[in-house]
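User: Hi! I'm new to reading protein structures. Can we go through this one together?

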Amino acid sequence: MSGKRSMFGIPGKQPVSLTKSAAAQVCRLMEDGAKQGLRIGVKKGGCAGMEYTLEYVDAVDEHDEVVEQDGARILIAPMAQMFLFGTEIDYETGLLESGFKFRNPNVVESCGCGESIKFRETA
């Protein structure tokens with residue numbers, strides 16, 4: 001970990017965690033593209049109101065929350081930090097599709113396709 005404290009975190013606890021499958025996939029894709037990590041964010045959109053964004057990046061932004069696990073580096077964009085705290089990220093391979101799955105305790109609703117989410121209202 002970078003030593004930087006999370007704005008929304010609990011000391012000694014990572015804001016997100018990765019399954020072994022997700023960490024292995026992030027590592028593979030970091031190596032293939034010589035990238036610094038996978039940045040996760042959220043944006044308005046979709047039928048439930050918000051969507052996750054994922055992008056492999058060449059540089060770590062000074063405002064990103066950095067999570068390193070099993071050789072994988074996840075960068076959490078500043079606006080997403082409060083929405084992602086406590087999330088477990090998995091990578092699932094199926095017959096029809098493969099992809100990252102988010103088990104996020106902050107989500108109160110998701111659409112049928114699983115691409116769009118709604119978060120608990122914050123005070």
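This is a predicted model: local features need pLDDT of at least 70, side-chain atom pairs count only at pLDDT 80 or more; totals for chains, interfaces and linings use all residues.

Analyst: Happy to! Residues are numbered from 1 along each chain as its sequence is written, and side-chain values use heavy atoms, with hydrogens and water left out.

User: What do the side chains of Arg-39 and Asp-64 do?

Analyst: They meet in a salt bridge, at 2.8 Å from N to O. A salt bridge here is a side-chain nitrogen of Lys or Arg within 4 Å of a carboxyl oxygen of Asp or Glu. Arg-39 sits in strand 2 and Asp-64 in the loop between strand 3 and strand 4, so the pair ties together parts that are 25 residues apart in sequence. Helices (H or I, at least four residues) and strands (E, at least two) are DSSP runs, numbered from the N terminus.

User: How many salt bridges does the structure hold?

Analyst: It holds 9 salt bridges. One of them joins the side chains of Lys-35 and Asp-58, again at 2.8 Å from N to O. That pair links distant parts of the chain, with Lys-35 in the loop between helix 1 and strand 2 and Asp-58 in the loop between strand 3 and strand 4, 23 residues apart.

User: Which residue forms a salt bridge with Glu-68?

Analyst: That is Arg-73, and the closest N and O atoms are 2.7 Å apart. Glu-68 itself is partly exposed, with a relative accessible area of 34%. There is also a network: salt bridges that share partners join Glu-88, Asp-90, Glu-92 and Arg-103.

User: Let's zoom out. How many helices and strands are there?

Analyst: The protein chain has 2 helices and 9 strands. Starting at the N terminus, the elements run β-α-β-β-β-β-α-β-β-β-β. The chain has 123 residues, and 40% of them count as buried.

User: Which strands form the open sheet, and in what order?

Analyst: There are 3 strands in it, ordered 1-6-7, and the pairing is mixed. Two strands pair if DSSP finds at least two bridges between them. Strand 1 (16-18) and strand 7 (98-103) are at the edges with a single partner strand each, so one side of each has no neighbour in the sheet. From one strand to the next, the twist averages 25 degrees. Axes are lines fitted to C-alpha atoms, for helices over the stretch in contact, and angles run from 0 to 180 degrees between N-to-C directions.

User: In which sense do strand 6 and strand 7 pair?

Analyst: Strand 6 (residues 87-93) pairs with strand 7 in the antiparallel sense, over 6 bridges. Thr-93 is in strand 6 and stands opposite Ser-98 in strand 7. Thr-93 is exposed, with a relative accessible area of 66%.

User: And where does helix 1 lie?

Analyst: Helix 1 (residues 20-33) lies across strand 1, strand 6 and strand 7, at about 75 degrees to strand 6. Contact means heavy atoms within 4.5 Å.

User: New topic: how many aromatic pairs are there?

Analyst: There are 2 aromatic pairs. The rings of Tyr-52 and Phe-102 have centres 4.0 Å apart and planes at 15 degrees, so this pair is stacked. In the other pair, Tyr-91 and Phe-100, the ring centres are 5.1 Å apart and the planes are at 70 degrees, so it is edge-to-face. The rule is that rings of Phe, Tyr and Trp (its six-membered ring) pair if their centres lie within 6.5 Å; planes under 30 degrees apart count as stacked, over 60 as edge-to-face and the rest as tilted.

User: Are Tyr-91 and Phe-100 buried or exposed?

Analyst: Tyr-91 counts as buried at 16% relative accessibility, and Phe-100 counts as buried at 18%.

User: Last one: what is the phi of Asp-70?

Analyst: Asp-70 has a positive phi of about 50 degrees, although it is not a glycine. Asp-70 lies in the loop between strand 4 (65-69) and strand 5 (72-76), and at 51% relative accessibility it counts as exposed.

Conventions. Buried means under 20% relative accessible area, exposed over 50%, partly exposed in between (1.4 Å probe, protein chains only).
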